[in-house]
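Have the model open beside you while you read.

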Amino acid sequence: CRGVFGMALSPFCSNDEVRAALGVSDVELEDATLNLPFYAIGLKSGLERVSKTLPASFSAIAEIAETDRTDQQNRLYESVRLYSIYFVAKQAGGALGLLSVKSLTDNKANFSRFSDSPYESVMESIDAALSAAKIGLQEVLAEMSNDAVRAYNPVGFFAVKRLYDPVTGE
């Protein structure tokens, strides 16, 4: 279940969380579908569009025990997870109208699909939640960046004329 880049949806988000965001069951959106490298590659790309170092930063924070993380690390961890859930939900949700069965009959195993998208309102709410999650993630990253700048206090060295001559001692 790992993507081409050695990255799976987990620990960024779980298949169940993506299904919950979309309001579908594991029958409608199977693990085999969500475990396709397509979703992991898309998520990695989406995270890197927010910040090139975001996947690596998240992975480093994920290795720290939750009780040992700083408040900022916890906020970043949670913000990345929330963004990831809605990002993958948006990716997977585009095809749900095509994959979902409208009706299934036992008469020679007939079924019909939706001609329009029953998930249109769901996808609108996913888009809004994704936008809000991205803004929240960017705010956490900006806050962490500002704190790093404040913590950086360079020591300055200046050339000054000596008050005495080291050869003569005067």
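**Notes on the helix packing**

1. Let's begin with helix H3 (residues 37-50) and helix H5 (residues 71-93), which pack at an angle of about 130° with their axes 10 Å apart. The axes here are lines fitted to C-alpha atoms, for helices over the stretch in contact, and angles run from 0 to 180 degrees between N-to-C directions. Helices (H or I, at least four residues) and strands (E, at least two) are DSSP runs, numbered from the N terminus. H3 and H5 are therefore oblique to each other; angles under 35 degrees count as roughly parallel, over 145 as roughly antiparallel, 65 to 115 as roughly perpendicular and the rest as oblique.

2. Before going on, a word on the source: this is a predicted model, in which local features need pLDDT of at least 70 and side-chain atom pairs count only at pLDDT 80 or more, while totals for chains, interfaces and linings use all residues. Residues are numbered from 1 along each chain as its sequence is written, and side-chain values use heavy atoms, with hydrogens and water left out.

3. Back to the pair: the crossing of H3 and H5 is right-handed. A crossing is left-handed if the near helix is turned anticlockwise from the far one by less than a right angle, and right-handed if clockwise. On the H3 side, Phe 38, Tyr 39, Gly 42, Leu 43, Gly 46, Leu 47, Arg 49 and Val 50 take part, and they meet Val 80, Tyr 83, Ser 84, Phe 87, Val 88, Gln 91 and Ala 92 in H5. Contact means heavy atoms within 4.5 Å. By class, the residues of this contact of H3 with H5 are ten nonpolar, four polar and one charged (Ala, Val, Leu, Ile, Met, Phe, Trp, Tyr, Cys and Pro count as nonpolar, Asp, Glu, Lys and Arg as charged, and the others, Gly among them, as polar).

4. H5 has another partner in H1: their axes come within 9 Å and cross at roughly 65°. That makes H1 roughly perpendicular to H5. The crossing of H1 past H5 is right-handed. Glu 17, Val 18, Ala 21 and Leu 22 of H1 meet a set of H5 residues, among them Arg 81, Ile 85, Tyr 86 and Ala 89. The contact of H1 with H5 comprises eight nonpolar, one polar and two charged residues.

5. Val 80 is buried, with a relative accessible area of 0%; buried means under 20% relative accessible area, exposed over 50%, and partly exposed in between (1.4 Å probe, protein chains only). Val 80 and Leu 54 are 26 residues apart along the chain, and their C-alpha atoms are separated by 8.4 Å.

6. Leu 76 also lies in H5 and counts as buried at 2% relative accessibility. Leaving aside neighbours within four places in sequence, Leu 76 is in contact with Leu 54, Ile 61, Leu 137, Val 140, Leu 141 and Met 144.

7. Now for helix H4 (residues 54-62), where Leu 54, Pro 55, Phe 58 and Ile 61 are buried. They cover an arc of only 130° around the axis, which puts them on the same side of H4; the arc is that of the directions from the helix axis to the C-beta atoms.

8. Look next at helix H7 (residues 120-151), which holds Lys 134. At 32% relative accessibility, Lys 134 counts as partly exposed. Beyond four places in sequence, Lys 134 touches Val 50 and Tyr 83.

9. One backbone detail to check: the peptide bond from Ser 10 to Pro 11 is cis, with omega near 15°. Most peptide bonds are trans. Pro 11 sits in the segment before helix H1 (15-22).

10. Finally, the overall picture: the protein has seven helices and two strands, running α-α-α-α-α-α-β-β-α from the N terminus on. Of its 170 residues, 31% count as buried.
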